[in-house]
Each structure stands twice: as C-alpha cells, then as structure tokens.
Amino acid sequence: MTSVETVAHWHALRLAYEKHGIGLEQLAIMARRALGSLERRARKEGWRPYEKREEFAHRIMAAVQQIIGEIEDIGKDLKDGAGIDKARVEAVSMLMKTVEKLREIANFADELTETQAKRDARMAGILDRIDTRIVELARHYAERLVAKAARP
C-alpha cells in the first residue's frame with residue numbers, strides 16, 4: 001500500500017467511526033487491522049465517537065426545551081398579572097447564553113473535524129506527488145543503468 005493509500009485508508013476509517021457510528025471493533029475486522037492499533041490511533045488523533053456527539057446534541061436540545069419552557073412560564077405569569085421575577089429572568093438569560101456557547105463549541109468541533117479532513121486530503125496530495133516523483137527518479141536511474149550497461 002502506498003503512503004497515499006495509507007493516508008486515505010486511515011481517513012476513511014476515521015470517517016466511518018466519527019460520522020457513521022461504526023465501532024472500532026467492526027472497523028478492525030473490516031480493515032483487517034489489530035483492534036489495539038485502531039484504539040491507539042483513535043486516542044492519539046482524538047477520534048470522537050459518533051454516538052457521543054449525538055448524545056451531546058440531544059442534551060443541548062433538552063436544555064433548549066427547558067429554557068423555552070421557562071420563558072413560556074414567565075410569559076404566562078405576565079399574562080396572569082404576576083410581576084416579573086428579576087432573578088428568574090436573569091437565570092433564563094444566563095441559561096440561554098450558556099446554550100449559545102455550547103452550540104458554538106459544537107460547531108467549532110465540527111469545523112475542527114472538517115479542517116482535519118482538509119489537512120489529510122492536502123497531505124495525501126503531497127504524498128502522491130512525492131510518490132510520483134520517486135517513481136520518475138527510479139525510472140530515470142534505471143534508464144541510465146541500462147544505457148551504461150549497454151555501452152561496450
């Protein structure tokens with residue numbers, strides 16, 4: 001397997017793990033690699049399991065639903081003629097800011113994954129050019145050796 005194929009292979013394994021939820025055990029079997037090798041690489045490169053990100057998104061949505069419920073309750077209290085509880089409004093405001101920050105963090109994590117994929121693709125291109133150049137140099141050297149051997 002060339003270095004380009006190796007980079008592409010690892011990138012595909014990571015995508016299968018992070019984006020499609022295929023477990024490391026299944027990937028090890030499919031890729032005919034040792035499970036320990038995949039686990040070490042995943043740990044070293046910070047692979048994030050698909051399920052955990054989905055779980056994180058569900059928790060954020062649950063928090064958003066809770067905040068919406070609080071806002072609706074404040075609105076009902078206002079309709080009923082109750083006064084505005086400043087502490088409650090401030091708490092809801094802080095929770096909204098927290099959820100917004102969590103959303104930014106989630107988006108940033110996705111951007112990092114995309115950035116890594118772009119870096120991997122760029123590196124694969126560089127390695128492909130290096131492989132091509134090595135083959136060209138080897139052919140040129142072989143031609144010189146053949147020409148030298150053909151001389152009396």
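Modeller: One cut-off to start with: a residue counts as buried when its relative accessible area is under 20%, and as exposed when it is over 50%. Anything in between is partly exposed. Also, keep in mind that this is a predicted model.

Colleague: Noted. How many helices and strands does the protein have?

Modeller: There are 5 helices and 0 strands. Along the sequence the pattern reads α-α-α-α-α.

Colleague: And what share of the residues is buried?

Modeller: Of the 152 residues in the protein, 18% are buried. The exposed surface comes to about 11500 Å². Carbon and sulfur atoms supply 59% of that area.

Colleague: Let's go to charges. How many salt bridges are there?

Modeller: The count is 4. Some of them form a network that links R14, E18, R41 and E45.

Colleague: Is R14 buried or exposed?

Modeller: Buried. R14 has a relative accessibility of 10%, so it falls under the 20% cut-off. E18 is buried as well, because its value is 2%.

Colleague: Which other partner does R14 have in a salt bridge?

Modeller: E45. The closest N and O atoms of R14 and E45 are 3.8 Å apart. R14 lies in helix α1 and E45 in helix α3, residues 35–45, so this pair ties together parts that are 31 residues apart in sequence.

Colleague: Is E45 buried or partly exposed?

Modeller: Partly exposed, because its relative accessibility is 32%.

Colleague: So where does R41 come in?

Modeller: R41 pairs with E45 in a salt bridge of 2.8 Å, N to O. The two are 4 residues apart in helix α3, so about one helical turn separates them. R41 is partly exposed too, with a relative accessible area of 28%.

Colleague: New topic. Which residues make up the largest nonpolar core?

Modeller: It has 11 residues in all: W10, L13, A16, Y17, L24, L27, A28, A31, L38, A42 and W47. Helices α1, α2 (24–31) and α3 are the elements that give two or more residues to this core.

Colleague: Pick one of them. What does A16 touch, leaving aside neighbours within four places in sequence?

Modeller: A16 is in contact with G21, I22 and L27. One of these, L27, is also on the core list.

Colleague: Give me an example. What is V7 in contact with, beyond four places in sequence?

Modeller: V7 is in contact with D120, A124 and L127. V7 lies in helix α1. V7 and L127 are 120 residues apart in sequence, but their C-alpha atoms are 8.8 Å apart in space.

Colleague: Now the outside. Which residues form a nonpolar patch on the surface?

Modeller: M123, I126, I130 and I134. Together they have about 340 Å² of accessible area.

Colleague: Where is I126, then?

Modeller: I126 is in helix α5, residues 86–150. It is partly exposed, because its relative accessible area is 33%.

Colleague: Last one. What stands out in the backbone at R32?

Modeller: The phi angle. R32 has a positive phi of about 55°, although it is not a glycine. Most residues other than glycine have a negative phi.

Colleague: And where is R32 found?

Modeller: In the loop between α2 and α3. R32 counts as exposed, because its relative accessibility is 79%.

Colleague: Great, that gets me started.

Technical notes
Residues are numbered from 1 along each chain as its sequence is written. This is a predicted model: local features need pLDDT of at least 70, side-chain atom pairs count only at pLDDT 80 or more; totals for chains, interfaces and linings use all residues. Side-chain values use heavy atoms; hydrogens and water are left out. A salt bridge is a side-chain nitrogen of Lys or Arg within 4 Å of a carboxyl oxygen of Asp or Glu. Buried means under 20% relative accessible area, exposed over 50%, partly exposed in between (1.4 Å probe, protein chains only). A nonpolar core is a set of buried Ala, Val, Leu, Ile, Met, Phe, Trp, Tyr and Cys residues joined through side-chain atoms within 4.5 Å. Contact means heavy atoms within 4.5 Å. Accessible areas come from the Shrake-Rupley method with a 1.4 Å probe; for residues, only the protein chains shown count as cover. Patches are made of residues with over 30% relative accessible area and no salt bridge: like charges are joined within 9 Å, nonpolar side chains (Val, Leu, Ile, Met, Phe, Trp, Tyr) within 5 Å.
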